[in-house]
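Me: I would like to learn how to read a protein structure feature by feature. Could you take me through one slowly?

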Amino acid sequence: MRYGFVIDQNRCIGCHACTVACKEEHQVPVGVFRTWVKYIEKGEFPHTRRHFGVMRCNHCDSAPCITICPTKALYRRSDGIVDFDNNRCIGCKSCMQACPYDALYIDPNSNTAAKCNFCAHRVEANLEPACVIVCPTQAIIAGDLDDPGSKASRIVATEKVSVRKPHKGTEPKLYYKGIEGDLLEPTRLSRQSGYMFADQHDNRAKEQSFDPTLTREVYDVGHPKPWGWKIAAYLWTKSIATGVMLVAAILMGFSTHARVPVLTIGAPLVSLGALGLTSLLLIFDLKRPDRFFYLLTKPNFRSWLVIGAWILLAYGAAVLLWLLCGISGIAVPRVLLFITAVLAIGSACYSAFLFAQAKGRDLWQSPLFIWHLLFHCLLAGGATLIIMAAFADDLRLAGYGFIALVNFLPWSLLFVLTEIMIPHATEDMRLAIRRLVRGDLSPQFWFMCIAVGLVFPILFIAGMIWTEFSPGLALLCAFLVLTGLWYFEDLWVKAGQSVPLS
């Protein structure tokens, strides 16, 4: 048994009865929607036409929201319905990033995720979903797609139907009959920033930029970006927490002269402080921070949120053991150096797999992101050691940090330039990169990320290599590198969410 929907857009009149019925049936708060009707217009006056599209959860057979959900709050029932348990939800919003269809939202009353659940309580009572009952033109058909006798199954088997974003591999069970193709591809649409009669003072500018031959989106519901500065800050503090210990482990592993108190005590203290800040950022980004411990007590081990939490715990334990060795005067064992280095790499890079589970965001599927995170870890470690050396007045330690920057800054610049220059697999990824390179994010990207964070430090370092090492200039490079890293993380999070999903 696999329940699914067929929506006959040839019959749909855009009356919003399904939206209203859904809101009433589930007491959906104002401002959020489980099902909604989207309008687009095509043509040039007087030859124009409006098209409708009913949008909602696709109840995918391979639902990425289920995979990424860290607490199994989202699950697939035996009848194929993708349902949710808001008593397990921690409000991490990762399901919203994983869904390619913008079907999930955060309920402002409970601060937990919610979406269409096929009116599962009605299905269990042998009733049809509320939206099906109220549709005045019978445009919405629900049924068992595995039952050859059901109307929905017959339409899918015998008539031309379409699904949204089949290339995502989600195997959606929401089929459209007779839908305008542009409704299935939101990147094709021209979006207006205002309304004709409300913005008459700016009509001349609007007329110059308005292209009547484009397909125009004229009505949609709001879809706020789920992740903000806290996620960017978490990536940044995590690079510091892992980088300082990774560089310290490399130095102490290859040089007995590097076993100094700044590395045996200072480095783990800085790492634990940054790791604590990373954890706080993750917790306070949750809509239900009071449930953060569900990551450990109700885990979904397919989610990289859970896997990452355990890696961070193991890494924190290794760093703490390192610190205890330093405080007690015991030489840090080589096996602990190796374990800490491996866990540092894992802690720095697991976010690439987490972002890759966000199937809705094509930019974050980049295979180069894991390399960005690794080099950010090494650069943050080198920069942090230089800053620590300034406080400890340790010229040798500053030199060690300088060597890390010398080795990894060119590689980081190479990978960033490769990221923006290589052919991109999808239109969504191309649009996200274009916003970084030529859009409203480009001034920050080119100046703060590329110039300040990479090019200027490389030039300063080259100057010091040809002349003499300057602790003051090395310290400036460290601050520039950390500034550039912050801007990269922030822009990566923003650009990834800049392309509309519905």
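Reply: What follows goes from the whole chain to a sheet, a hairpin, a pair of helices and the cores. This is a predicted model, in which local features need pLDDT of at least 70 and side-chain atom pairs count only at pLDDT 80 or more, while totals for chains, interfaces and linings use all residues. Residues are numbered from 1 along each chain as its sequence is written, and side-chain values use heavy atoms, with hydrogens and water left out.

Me: How many helices and strands are there in the protein?

Reply: Helices (H or I, at least four residues) and strands (E, at least two) are DSSP runs, numbered from the N terminus. The protein has 18 helices and 11 strands, and its C-alpha trace spans about 80 × 55 × 35 Å along the principal axes. Of the 502 residues, 56% are buried, where buried means under 20% relative accessible area, exposed over 50%, and partly exposed in between (1.4 Å probe, protein chains only).

Me: In what order do the three strands of the open sheet lie?

Reply: Two strands pair if DSSP finds at least two bridges between them. Here the order is S8-S1-S9, with mixed pairing: S1 and S8 are antiparallel over five bridges, whereas strand S1 (residues 3-8) runs parallel to S9, with four bridges. Ile-7 has Ile-140 in S8 as its bridge partner, and Val-6 is opposite Tyr-175 in S9. Strand S8 (140-144) and strand S9 (174-177) are the edge strands, each pairing on one side only.

Me: Which way do the residues of S8 point?

Reply: In a regular strand the side chains alternate between the two faces of the sheet. From S8, Ile-140, Ala-142 and Asp-144 point one way, Ile-141 and Gly-143 point the other way, and all are buried. Because five of the five residues of S8 are buried, this strand is largely enclosed by the rest of the structure.

Me: Where would I look for a hairpin?

Reply: A hairpin joins S2 to S3 through two residues. Strand S2 (residues 35-44) and strand S3 (residues 47-56) run antiparallel, joined by 10 bridges, and Lys-38 stands opposite Gly-53 in S3.

Me: At what angle do H14 and H18 pack?

Reply: Two packed helices are described by the angle between their axes and the distance between the axes. Axes are lines fitted to C-alpha atoms, for helices over the stretch in contact, and angles run from 0 to 180 degrees between N-to-C directions. Helix H14 (residues 369-392) and helix H18 (residues 471-496) pack at about 150°, and their axes are 9 Å apart.

Me: What do the cores contain?

Reply: In soluble globular proteins, nonpolar side chains tend to be buried together. A nonpolar core is a set of buried Ala, Val, Leu, Ile, Met, Phe, Trp, Tyr and Cys residues joined through side-chain atoms within 4.5 Å. The largest such core has 102 residues, and those with the most contacts inside it include Leu-263, Trp-322 and Phe-445. Helix H9 (residues 229-254) gives the most to this core, with 15 residues. Another core, of 52 residues, lies apart from it, with Val-37, Met-96, Ala-142 and Leu-174 among its members. Contact means heavy atoms within 4.5 Å, and Phe-445 touches Val-416, Ile-420, Leu-436, Ile-450 and Leu-491, not counting residues up to four places away in sequence.
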